[in-house]
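Q: I have a model open and want to learn how to read it. Where do I start?

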Amino acid sequence: MAKVLAFPPSLLTPGAAAAPFAPALPLAALPAGAMRRVTFGDIDVLLAHTPAGIVAVDDRCPHMAAPLSVGELDGCVVACPLHSGRFDLSTGEPIQMPTTGGLRPDGEYVPTWSPPGREPKEDPPGKKAEARRITRVRRFRYYPVRISDDGVVEVAVPR
Ligand code: FES
């Protein structure tokens, strides 16, 4: 039987502890290594079947909200299709910052990516550069997941 990933309790989505579980998809539709988007109202949830278990987070990159469901899953690490950020679904932490740079969850600034041995590229001053510089890559927020006796993946999403 597939298991559910034990995420850091402090990263539970606000309101999710009191939300009812709702069916998302059959377990057979989420084999090991797969990711799927499931929509509840206006909330898009990413379901991923990692080696540590099944996990549900927003299907929005913690950087600039690109859909992670069209990215790549490698073990517990999901790679964003937009700026190459990589995020660990087992801890909620970024493990590779986006190429555009920005702020880590703890506020540390990371410059724009540049090839090894080269100085970071100068960002032309302006609103866009400022927006990139102060965009904070947050940690994931998680939704509780369970698997019903008849093999349905259920998610608790506040609505
Ligand atoms: S939107 Fe995902 S890394 Fe930028």
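This is a predicted model: local features need pLDDT of at least 70, side-chain atom pairs count only at pLDDT 80 or more; totals for chains, interfaces and linings use all residues.

Q: Is Thr135 buried or exposed?

A: Buried means under 20% relative accessible area. Thr135 has 17%, so Thr135 is buried.

Q: What does the side chain of Thr135 reach?

A: It reaches the backbone oxygen of Ala131, at 2.5 Å. For contacts, set aside residues up to four places away in sequence; Thr135 then touches His63, Met64, Gly102 and Leu103.

Q: Now the overall layout. How many helices and strands are there in the protein?

A: The protein has 1 helix and 13 strands. Along the sequence the pattern is β-β-β-β-β-β-β-β-β-β-α-β-β-β.

Q: How does the radius of gyration compare with that of a compact globule?

A: For 159 residues, a compact globule would have a radius of gyration near 15 Å. The protein has 17 Å, which agrees. Along the principal axes, the C-alpha atoms fill a box of roughly 55 × 30 × 25 Å.

Q: What share of the residues is buried?

A: Buried residues make up 47% of the 159. Sequence separation is another thing to read. Take the contacts with a separation of 6 or more: 56% of them are between residues 24 or more positions apart.

Q: How do I read pockets?

A: Rolling a probe the size of a water molecule over the atoms shows where empty space is left. In this model, the largest pocket has a volume of about 160 Å³.

Q: Which residues line the largest pocket?

A: Among them are Tyr109, Pro111, Lys121, Glu122, Asp123, Ala129, Glu130 and Arg133. By class, the lining has 6 nonpolar, 1 polar and 5 charged residues. The largest share of the lining, 3 residues, comes from α1.

Q: Where is Ser148 found, and what does its side chain join?

A: Ser148 is in the loop between β12 (145–147) and β13 (152–156). A polar contact of 2.4 Å joins the side chains of Ser148 and Asp150. Leaving aside neighbours within four places in sequence, Ser148 is in contact with Met1 and Glu154. Its relative accessible area is 13%, so Ser148 is buried.

Q: What about Val157: buried or exposed?

A: Val157 is at 2% relative accessibility, so Val157 counts as buried. This residue lies in the segment after β13.

Q: Which residues is Val157 in contact with, leaving aside neighbours within four places in sequence?

A: Val157 is in contact with Ala19, Pro20, Phe40, Ile43, Val45 and Tyr143. Val157 and Ala17 are 140 residues apart along the chain, and their C-alpha atoms are separated by 8.8 Å.

Q: Last feature: how do I read backbone phi?

A: Most residues other than glycine have a negative phi. Ala65 has a positive phi of about 75° although it is not a glycine. Ser84 has a positive phi as well, of about 65°.

Q: Where is the place of Ala65, and where is that of Ser84?

A: Ala65 is in the loop between β4 (53–58) and β5 (72–74). Ser84 is in the loop between β6 (77–79) and β7 (86–88). At 30% relative accessibility, Ala65 counts as partly exposed. Ser84, at 37%, also counts as partly exposed.

Note on methods:
Residues are numbered from 1 along each chain as its sequence is written. Side-chain values use heavy atoms; hydrogens and water are left out. Buried means under 20% relative accessible area, exposed over 50%, partly exposed in between (1.4 Å probe, protein chains only). A polar contact is a pair of N or O atoms within 3.5 Å; within protein, one must be able to donate a hydrogen and the other to accept it, and residues adjacent in sequence count only if both atoms are side-chain atoms. Contact means heavy atoms within 4.5 Å. On a 1 Å grid over the protein atoms alone, a cavity is a set of points where a 1.4 Å probe fits but cannot get out, and a pocket is an open set with protein on both sides within 12 Å along at least five of seven lines; lining residues have an atom within 4 Å of a point. Grid points are joined across faces, edges and corners, and a volume is the space filled by probe spheres set on the points. Helices (H or I, at least four residues) and strands (E, at least two) are DSSP runs, numbered from the N terminus. Ala, Val, Leu, Ile, Met, Phe, Trp, Tyr, Cys and Pro count as nonpolar, Asp, Glu, Lys and Arg as charged, and the others, Gly among them, as polar. The radius of gyration is taken over C-alpha atoms; the globule rule is 2.2 Å times the number of residues to the power 0.38.
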